[in-house]
Amino acid sequence: MTSPQTAQGGIQQQQFGTLSVVGWAGEYGDGRDMAFLLLFSLGDGTGTREETVAAMRQLAERAGLTVGGDIVDATSSGRQFPVSVLVEAGQVALTMPKMSVQYPTPPEWVAAAHDRGHVYFLLATHPWPQARLENGIDQEALREFVSDEMLAASAHCLLPVRRLAR
């Protein structure tokens, strides 16, 4: 696993608080690295934890994702999907309905994304109030958050890597 990188600042919404993204690369069962991208709430919104979870579920559903279900494969050619990633010049831009975030990624993440041609996107419904974005998120904290329970309550999707036309 490479060092995770987080988006600076995040997006603030009352229902779910600050949304942020963390990316990392790691082996994915076939000996090759996968680029992972995780969208999560800091849980600092105006609602309770349960209301944050409900708002994140609704965000997933609006984006065409199923929480706790199978991995949605949005890599089929010609398929229109409301979530996308653009990887260019060491940056990733994640776009979803009514929101987008961009941040720098480590070279290992970019290499894994380009090697596979897709990114494994996770939308966590559980908030992560312990995430300390100011100093980056360390690998141990990320491993603790990405538990079996969190994964079971998340939406999973393979997103094709888009690039700018050359």
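This is a predicted model: local features need pLDDT of at least 70, side-chain atom pairs count only at pLDDT 80 or more; totals for chains, interfaces and linings use all residues.

User: What is the overall make-up of the protein in helices and strands?

Analyst: The protein has 4 helices and 10 strands. From the N terminus, these elements follow the order β-β-β-β-α-β-β-β-β-α-β-α-α-β. Of the 166 residues, 49% are buried.

User: Why is histidine 156 counted as buried?

Analyst: Histidine 156 has a relative accessibility of 9%. The term buried applies under 20%, and histidine 156 therefore counts as buried. This residue lies in strand 10, residues 154–162.

User: What makes the approach of histidine 156 to leucine 151 a polar contact?

Analyst: A polar atom of the histidine 156 side chain lies 2.8 Å from the backbone oxygen of leucine 151. The limit for a pair of N or O atoms is 3.5 Å, so on distance the pair falls within the criterion. Leaving aside neighbours within four places in sequence, histidine 156 is in contact with Thr66, Asp70, Ile71, Val72, Tyr120, Phe121, Leu122 and Leu151.

User: Which residues touch the most other members of the largest nonpolar core?

Analyst: That core has 37 residues, and those touching the most other members are Leu37, Leu65, Leu94, Met96, Phe121 and Leu123. Outside the four places on either side in sequence, phenylalanine 121 is in contact with residues including Leu37, Leu65, Leu94, Met96 and His156. Apart from this core lies another of 18 residues, among them Trp24, Ala124, Phe145 and Met150. In soluble globular proteins, nonpolar side chains tend to be buried together.

User: How do you know that strand 7 and strand 8 pair?

Analyst: Pairing requires at least two bridges. Valine 92 stands opposite tyrosine 103 of strand 8. The two strands form a hairpin with 2 residues between them, and lysine 98 in the turn has a positive phi of about 65 degrees.

User: Which residues form the covered face of strand 8, and which the uncovered one?

Analyst: In strand 8 (residues 99–104), Met99, Val101 and Tyr103 make up the covered face, whereas Ser100, Gln102 and Pro104 make up the uncovered one.

Methods: Residues are numbered from 1 along each chain as its sequence is written. Side-chain values use heavy atoms; hydrogens and water are left out. A nonpolar core is a set of buried Ala, Val, Leu, Ile, Met, Phe, Trp, Tyr and Cys residues joined through side-chain atoms within 4.5 Å. Buried means under 20% relative accessible area, exposed over 50%, partly exposed in between (1.4 Å probe, protein chains only). Contact means heavy atoms within 4.5 Å. A polar contact is a pair of N or O atoms within 3.5 Å; within protein, one must be able to donate a hydrogen and the other to accept it, and residues adjacent in sequence count only if both atoms are side-chain atoms.
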